[in-house]
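Please read each point with the model open.

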Amino acid sequence: MTENKTALVISAHAADFVWRCGGAIALHAAKGYAVTVVCLSFGERGESAKLWKEPGMTLDRVKDARRAESEKAAQALGVHDLIELDLGDYPLHLEREDKFRLVEVIRKVQPSFMLSHSRFDPYNTDHMYATQVALECRMIAQAWGHEPGQKVLGAPQLYLFEPHQTEQMGWKPDTFLDITPVWDRKRAAIECMAGQEHLWDYYTRVAENRANHFMRNSGGQSGGRKAKYAEGFQSIFPRTVDEL
Ligand SMILES: [Zn+2]
């Protein structure tokens with residue numbers, strides 16, 4: 001029996017998954033994982049400044065533009081399923097029923113691992129709220145008493161992807177992923193974000209710097225091989241191993 005490999009990204013806004021874990025998505029998609037991305041909102045109010053500067057802009061037009069961009073980016077990365085929950089941003093808020101919808105997605109996907117934001121982000125509280133929601137819904141999905149009869153969730157790792165202004169967020173990576181083989185796909189997805197062109201080269205430099213950290217640490221673990229582009233992650237839960 002072949003077990004389906006799956007992963008789940010929980011992104012506060014429509015573009016976050018591209019900058020922060022686009023490489024991880026493309027790499028795992030290439031390895032045969034079905035990667036589901038949930039965008040809790042489009043970032044229509046808080047992360048769409050360029051669109052709002054156009055005359056006659058409306059909330060619906062901004063959402064449509066953000067939806068189109070994120071769909072294009074998801075396609076470039078090989079995302080299996082992009083789910084836009086459209087819950088509103090600035091502030092992002094989930095009612096109990098919204099959380100249960102997310103739990104339903106988590107149980108359906110049964111992810112091998114999950115990805116979300118840093119635990120602290122004083123510049124963008126939607127981001128840390130999304131992580132809180134991810135942890136809460138992961139917990140509910142594990143509960144035998146929630147919708148008894150459904151398949152409960154195991155204990156997938158939750159990796160926190162790299163925030164903007166890393167040090168301000170109290171984020172410290174413990175995992176570096178070599179994304180060199182899929183860098184072209186991440187860059188293509190980044191370039192779908194027409195409204196944030198000022199970030200394209202910034203996130204290319206971040207990936208190059210993280211590749212240097214991958215190399216500095218890869219001697220004992222990854223054969224000391226070189227990497228040109230990498231992403232960093234902070235894991236929440238301990239790793240269980242058979243050998244050290
Ligand atoms: Zn965001």
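Is Tyr90 buried, exposed or partly exposed? Tyr90 is partly exposed, because its relative accessible area is 32%, where buried means under 20% relative accessible area, exposed over 50%, and partly exposed in between (1.4 Å probe, protein chains only).

1. Basis of the note. This is a predicted model, in which local features need pLDDT of at least 70, side-chain atom pairs count only at pLDDT 80 or more, and totals for chains, interfaces and linings use all residues. Residues are numbered from 1 along each chain as its sequence is written, and side-chain values use heavy atoms, with hydrogens and water left out.

2. The loop that holds Tyr90. Tyr90 lies in the loop between strand 3 and helix 4; helices (H or I, at least four residues) and strands (E, at least two) are DSSP runs, numbered from the N terminus. Although Tyr90 is not a glycine, its phi is positive, about 45°. The peptide bond that joins Tyr90 and Pro91 is cis, with omega about 5°. Pro91 belongs to the loop between strand 3 and helix 4 (96-109). Asp86 is also found in the loop between strand 3 and helix 4, and its phi is near 55°, a positive value in a residue other than glycine. Asp86 counts as partly exposed because its relative accessibility is 33%.

3. Seven strands form an open sheet with the order 3-2-1-4-5-7-6 and mixed pairing; two strands pair if DSSP finds at least two bridges between them. Strand 3 (81-84) and strand 6 (175-178) stand at the edges with a single partner strand each, so one side of each has no neighbour in the sheet. On average, neighbouring strands of this sheet are turned by 25° against each other, direction ignored. Axes here are lines fitted to C-alpha atoms, for helices over the stretch in contact, and angles run from 0 to 180 degrees between N-to-C directions.

4. Strand 5 and its partners. Strands of a sheet pair through backbone hydrogen bonds, either parallel or antiparallel. Strand 4 and strand 5 run parallel and are joined by four bridges, and Leu115 stands opposite Tyr159 in strand 5. Strand 5 and strand 7 (residues 230-235) run antiparallel and are joined by three bridges. The bridge partner of Leu160 in strand 7 is Gln234.

5. Burial of strand 5. How many of the five residues of strand 5 are buried? Five of its five residues are buried. Gln157, Tyr159 and Phe161 are on one side, Leu158 and Leu160 are on the other, and both faces are covered. In a regular strand the side chains alternate between the two faces of the sheet.

6. Aromatic pairs. The structure holds six aromatic pairs; rings of Phe, Tyr and Trp (its six-membered ring) pair if their centres lie within 6.5 Å, and planes under 30 degrees apart count as stacked, over 60 as edge-to-face and the rest as tilted. The rings of Phe113 and Tyr159 form an edge-to-face pair, because their planes are at 75°, with centres 6.1 Å apart. This pair links distant parts of the chain, with Phe113 in strand 4 (residues 113-116) and Tyr159 in strand 5 (residues 157-161), 46 residues apart. Phe113 and Tyr159 are both buried. Ring pairs link Tyr33, Phe113, Tyr159 and Phe233 into a cluster.

7. Two helices in contact. The axes of helix 1 (residues 16-30) and helix 3 (residues 59-77) come within 9 Å and cross at roughly 35°. Contact (heavy atoms within 4.5 Å) is made by residues including Phe17, Val18 and Ile25 of helix 1 and Ala73, Ala74 and Leu77 of helix 3.

8. Lys99 in helix 4. Is Lys99 buried or exposed? Lys99 counts as buried because its relative accessibility is 15%. Lys99 is found in helix 4, and leaving aside its neighbours within four places in sequence, Lys99 is in contact with Leu94, Tyr129, Glu136 and Cys137. The C-alpha atoms of Lys99 and Val133 are separated by 7.5 Å, although these residues are 34 residues apart along the chain.
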